[in-house]
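Visitor: I would like to learn how to read a few features of a model. Please take them one at a time.

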Amino acid sequence: MTNQALLNRSLQSVWHPCTQMKQHEQFPLIPIKKGDGVWLYDADGKRYLDAVSSWWVNLFGHNNPRIKDAIKQQLDNLEHVMLAGFTHEPVIELSEKLSKLTGLGHAFYASDGASATEIALKMSFHYWRNSGKNSKTKFISLQNSYHGETLGALGVTDVAIFKDTYAPLLMQSVQMPSPDFRLAEVGESTEAFALRCAEKLEQYVSEHHHEIAAFIVEPLVQCAAGMGMYHPIYLNKVREICTKYDVHLIADEIAVGFGRTGTMFACEQADITADYICLSKGITGGYLPLSAVLITDKIYQAFYDDSTAKGFLHSHSYTGNPLACSAALATLAIFETDQIIQENREKSALIQARMQVLTDLPIRHIRHQGMIFAFDVMTQNALFARQCYQAATKRGLLLRPIGSTVYWMPPYTITETEIDFMAEATLAAVKSSV
Ligand SMILES: *Cc1c(COP(=O)(O)O)cnc(C)c1O
């Protein structure tokens, strides 16, 4: 089938995510037939470099032989079994490995990032009940935060376009000043600004800790806010404040985990451990839906009781799916054998150097954190994001600007030639849409 035939059928039957469907009258869907490495191929055979890792999930390229083989092997043994009352080797091994990597004792599973957020919020609330502190029921998060789209996750998200319509349905939460360095005063260092934001956090928490269950934060990069980056000292302060005032710290590493920020997990750069770590997206290398919440032993123990109601009675049908776990194990094996974190340091430097071709554009806040690269375009064009997206796809590049922020979050397997192509096509696409 051709692109045209497939996109017509799609528009007749599929409601696409995060989309005003009417806009597809001007911005045609792209039917993708196959993927290979950093490339996606449409039904007419044209290819696109996947510079956004298919919404930040893909780590080692499409059609990755090692992940594919692991799933195939698992498929011959066991596709799925419920995880209540049953267990299986892939989920055990994955939990052991994640525990070793994060230093947290138990893993609770779901299939999407938003569900991981829900689990962490519910668990924190329930922990304080089980501990006799019934007044600790509220959550705080950062200004411009993003933690997913289900009602609970949206309650701690602070992106107006996703949230405002549903406001009457949402649990109330309080937003703290974001340490995103784009918001700093002129002349203020990123570190001084992070410390100033942390002081405001402490002020609030010191007055309200009796009612606060947890603070949820995206460590180092607020991705959905337009790759808002901040100094790691903020996380050190957050850890101190949460410990001092007995408030749980939930690290939402759904986007930044698995090497994106230059370390396996972003929290490592502040040398801190959260009480809950939410993981998803890259966890299966972008192959299958899976999310996990890692939890401290102390929290786990507060649920371990003769009373059924004190247990965490939360579930999803596909919790701990063996195929998804096998993809995650293959992904972790690639990190180990190919020393990805070390290799990515060189690749990150290479991409930073190639970003220099963009400096003639009207841009500011050119920035990176590990394998995430971004800049903000100074433009009056209200349709910049969509036009830039379209100009890029025309040139064979999948870019998805967030407002006026253009970013790259490519698969780690991207080669030097492909980086050159990404930079040149970005330059042309931005130029034509400012
Ligand atoms: C994507 C994302 C989520 C939600 O994950 P889904 O799988 O899309 O539900 C939550 N938090 C952060 C930081 C994310 O980037």
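Visitor: In which helix is S54 placed?

Guide: Helices are DSSP runs of H or I with at least four residues, numbered from the N terminus. S54 sits in helix α2, residues 53-56, and W56 is in helix α2 too. This is a predicted model, in which local features need pLDDT of at least 70 and side-chain atom pairs count only at pLDDT 80 or more, while totals for chains, interfaces and linings use all residues. Residues are numbered from 1 along each chain as its sequence is written, and side-chain values use heavy atoms, with hydrogens and water left out.

Visitor: Is W56 buried or exposed?

Guide: Buried means under 20% relative accessible area, exposed over 50%, and partly exposed in between, with a 1.4 Å probe and protein chains only. W56 is buried at 8%, whereas S54 is partly exposed at 30%. Neither is a glycine, yet phi is positive: about 50° for S54 and about 75° for W56.

Visitor: Which residues surround the ligand?

Guide: A residue is near a molecule if one of its heavy atoms lies within 4 Å of it. Those around the ligand include W56, D112, H147, E218 and K281.

Visitor: What distance separates D252 from a nitrogen atom of the ligand?

Guide: A polar contact is a pair of N or O atoms within 3.5 Å. A polar side-chain atom of D252 lies 2.7 Å from a ligand nitrogen. For A114, a backbone N or O atom is 2.8 Å from a ligand oxygen.

Technical notes. Polar contact = N/O pair within 3.5 Å; in protein donor to acceptor, adjacent residues only side chain to side chain. Helix = DSSP H or I, 4+ residues; strand = E, 2+ residues; numbered from the N terminus.
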